[in-house]
Amino acid sequence: MGSPIVLGIESSCDETGAGLVRDGRLLGHAVASSMDEHARFGGVVPEIASRAHLHALRPVIGEALEGAGLRLSDIGAVAVTTGPGLSGALQVGLAGAKGIAYALGVPLYGVHHLAGHVAADTLEHGPLPDPCMVLIVSGGHTSLLLVRDLARDPIVHLGDTLDDAAGECFDKVARVFGLPYPGGPAIDRAARAGDPRAVPFPRPLPGSYDFSFSGLKTAAARWAEGHAGDGRELPVADGAASLQEAVADVLTRKAVAACREYGVGTLVVVGGVAANSRVRSLAEERCGSAGIELRVPPRKLCTDNGAMIAAVGDLLVRAGAEPAPLDVSIDPSAPLEYASLHPVSAGARTVAA
């Protein structure tokens with residue numbers, strides 16, 4: 001008969017996502033974003049995001065079901081992001097997921113948000129090779145990971161963000177350059193008309209697999225301030241192209257070096273910044289030269305979505321993983337150790353005792 005249909009729910013930041021996956025195949029998904037409501041603040045406002053999730057969750061699940069030609073009663077398991085992310089936003093998704101799982105009498109699985117990004121690629125390219133190198137690049141996270149069996153094995157961190165992540169760097173510099181929020185797409189658009197060699201921005205931490213983009217952000221801000229102080233017009237396109245080149249250079253150079261050092265033949269690049277055109281093209285160029293297979297999900301699966309959470313849930317179900325306990329909670333700052341994430345709050349443990 002096959003595996004059950006898994007409903008995935010994502011609500012860690014400003015996207016409310018629902019996805020439906022069965023046996024590694026995406027059946028349908030839908031996303032509602034509150035990004036426009038945050039744009040005038042230059043970043044995500046947690047209270048606004050939480051309220052938006054409350055309004056969007058039910059319609060998004062309905063849209064995903066309708067697109068797949070399914071009913072709620074067809075769902076055989078529910079997966080939900082339990083961390084990391086904004087506390088209030090995570091609570092909305094978890095409450096909705098618990099309600100559906102309990103009403104249908106089906107198992108519930110807590111999922112680590114970043115593992116969802118990794119699993120998103122399986123919906124396009126099939127099972128992940130064992131092992132593979134994964135580069136996660138998003139607004140709040142930049143990590144280089146050695147991944148084996150995503151549903152069963154611990155995830156090995158080779159490098160992580162020490163301060164600003166790549167996406168955060170784009171957002172903050174875009175504001176200095178007078179570009180709109182979100183900064184990543186704005187930088188990408190502006191860079192098309194610029195010279196990537198115009199500004200010699202630094203390449204941080206060249207001898208490490210860790211990532212630090214705070215210094216690059218500061219260098220870009222100082223460059224912009226220098227033009228303003230001299231009364232010169234800011235060449236935004238050149239600045240954007242040079243910044244984007246620096247970020248793409250650091251990300252892809254380290255990822256390819258890690259593949260060579262660990263003898264891994266496949267690099268998977270995921271997360272919101274994986275949608276950046278220069279990150280994609282430079283990764284293709286360097287992986288091609290090194291004889292490394294490059295896998296990047298389609299752009300619609302790079303940003304936060306429920307399909308990626310359903311993909312993890314589907315893997316966990318097929319691996320025979322234990323469902324989440326009834327008192328599963330959230331962990332807004334959860335480290336990425338395993339794909340499943342079933343934290344229980346201290347208060348719940350006290351009551352249970």
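**Reading exposure, helix packing and salt bridges**

Guide: Ser333 is exposed, at 61% relative accessible area. Here buried means under 20%, exposed over 50%, and partly exposed in between (1.4 Å probe, protein chains only). This is a predicted model, in which local features need pLDDT of at least 70, side-chain atom pairs count only at pLDDT 80 or more, and totals for chains, interfaces and linings use all residues. Residues are numbered from 1 along each chain as its sequence is written, and side-chain values use heavy atoms, leaving out hydrogens and water.

Visitor: Where does Ser333 lie?

Guide: In the loop between α11 (306-318) and α12 (346-352). Helices are DSSP runs (H or I, at least four residues; strands are E, at least two), numbered from the N terminus. Ser333 and Gly313 are 20 residues apart in sequence and 20 Å apart in space, C-alpha to C-alpha.

Visitor: What describes two packed helices?

Guide: The angle between their axes and the distance between the axes. Axes are lines fitted to C-alpha atoms, for helices over the stretch in contact, and angles run from 0 to 180 degrees between N-to-C directions. Take α6 (residues 166-176) and α9 (residues 236-262): their axes come within 11 Å and cross at roughly 175°. The pair is therefore roughly antiparallel. Angles under 35 degrees count as roughly parallel, over 145 as roughly antiparallel, 65 to 115 as roughly perpendicular and the rest as oblique.

Visitor: Which residues of α6 and α9 make the contact?

Guide: Ala166, Cys169, Phe170 and Val173 of α6 meet Leu243, Gln244, Val247 and Leu251 of α9. Contact means heavy atoms within 4.5 Å.

Visitor: At what angle do α7 and α9 pack?

Guide: About 115°, with the axes of α7 (residues 183-191) and α9 7 Å apart. That makes α7 and α9 roughly perpendicular.

Visitor: How many salt bridges are found in the whole structure?

Guide: The general idea is that side chains of opposite charge can pair when their charged atoms come close. The cut-off is a side-chain nitrogen of Lys or Arg within 4 Å of a carboxyl oxygen of Asp or Glu. A search of the whole structure finds 14. One of them joins Arg253 and Asp249 at 2.8 Å, N to O. These two are four residues apart in α9, about one helical turn. Asp249 is buried, at 9%.

Visitor: Which residues are linked in a network of salt bridges?

Guide: Asp164, Glu168, Lys172 and Lys217.
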